[in-house]
Structure formats: C-alpha cells, structure tokens
Amino acid sequence: MAEEELADAPRVVGVLSALLERVVERNDAAAAADELTAAAPASAFRATVRPDISVRAYMARIARFAGCSPACYVVAYAYLGRLLRRRGRRRALAVDSYSVHRLLITAVLAAVKFMDDVRYNNAHFARVGGISLPEMNYLEVDFLFAVGFDLNVSPETFGHYCAVLRAEMLCLELERAPTPMASPAAGGPRLHSCCLSEDDGAATSSSSGSSQQQQLAA
C-alpha cells in the first residue's frame, strides 16, 4: 500500500523514507546490542510504545495529506540534521523506531511553514501525524528551541542535502538493477553512508568505518 502511494509522491519522499528506514534499522540494532542505550533519555519526540506504521507508510501518508512542496522534504531533512547536531551537545537523541515518526512530522511542519505560502494548520498536521493537537503544538515549540529557531537554509546547505539524496537515489537504483556479475555473497552494491549532521555552507563527504555507526545518533 505504501509503495503504491509513494509511486504518486515526489521522488524525494521515497528516497528520504528509504534513507531513514536504514538509519532506524541501524540505530535500533545498535541500541539492542548496547545495554547502555537500553534506557534512552526522555524526549518529547520519543514514543513510549513503538508505532505500528512503518517509516515508508508514514512518509506516504504525509506526502498524500500534507500538501507541501517537494523542497519542504529537503529542508525537513536539513532541519533534522541541525536538531541532532545541536541536541547532541547536551544529550543523546537517536533516530530510531521510537522517535522517527514524531521527528518527521514536526520537521515537515516546520519546513512547510518556512517554505510554503499556502499550507495547512497544526490541527491538520496533527491528524496526518496521528497525534493530538496539543502534542503537535508542543513538539513544534520543542523542535524550534532545539534548532535555536534557526530555520533558514542557505542555498549551499540545500544543495548539499539535495546531493546526499541524489546519491541515495542512485544507490537505490543500483540495488534494484540486475547484477549478473555480482557474487551471491556480495549482496549487490553497498549503500553509501547517510548523514544528518550539518556544516552550513560546506559539503561533507560520506565517512566509513566506525563513524558510520555514529551517524544520526547525536
């Protein structure tokens, strides 16, 4: 169902959902393997119960009902990186299966308000996100303070995140393409590392090794 809905959504929606799904899977696995992260710090973005809806289905729902421009998803992605970078200085916050949904709907809401002249109100976004209006309002305020009310995204930063998403799209296309010369053990081409950390005005290269395990877990 989500795949069919994403087929009609802007391409950036499917790419971003695939990227975040991989991040969530990695951070969930890291939390399960590390007993120290079992008791995650309290956060307004962290649900007490893991939501049943997948990241892909949730993104499809947002794309269908939020009515925002494609650029909003790129800006929302940049906001997530900005939030995690700033929040990481004070306390841990990982994009995992408990936090990704609230982070997504709040980041998209903030991006829509900054980017689009015509948009739905918070009550509509609360219904789209499956949360109450008071919670949506609280998450928005918490998000704004977390990013220091810094909602401007420079053309350079926007271009950097577009480049990351384009690279992700190419990797997804390579994964789906037939690879007759690849050995079964190889498992096809390996996806590039995904990053939500941000350095405004400067493009960052994808890292490898141990740094890959730390990306998106500020």
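Biologist: Which side chain meets Lys 113 in a salt bridge?

Modeller: First, the basis: this is a predicted model, where local features need pLDDT of at least 70, side-chain atom pairs count only at pLDDT 80 or more, and totals for chains, interfaces and linings use all residues. Residues are numbered from 1 along each chain as its sequence is written, and side-chain values use heavy atoms, with hydrogens and water left out. Side chains of opposite charge can pair when their charged atoms come close. The cut-off puts a side-chain nitrogen of Lys or Arg within 4 Å of a carboxyl oxygen of Asp or Glu. Here Lys 113 meets Glu 140, at 2.8 Å from N to O. Lys 113 sits in helix α5 (residues 100-115) and Glu 140 in helix α7, so parts 27 residues apart in sequence are tied together. Helices are DSSP runs of H or I, at least four residues, numbered from the N terminus.

Biologist: Is Glu 140 buried or exposed?

Modeller: Buried means under 20% relative accessible area, exposed over 50%, partly exposed in between (1.4 Å probe, protein chains only). Glu 140 has 13%, so Glu 140 is buried. Lys 113, at 32%, is partly exposed.

Biologist: How many salt bridges does the structure hold?

Modeller: Six. One of them joins Arg 22 and Glu 168, with 2.9 Å between the closest N and O atoms. Arg 22 is in helix α2 (residues 11-33) and Glu 168 in helix α8 (residues 155-176), 146 residues apart. Both Arg 22 and Glu 168 are buried.

Terms used
Helix = DSSP H or I, 4+ residues; strand = E, 2+ residues; numbered from the N terminus.
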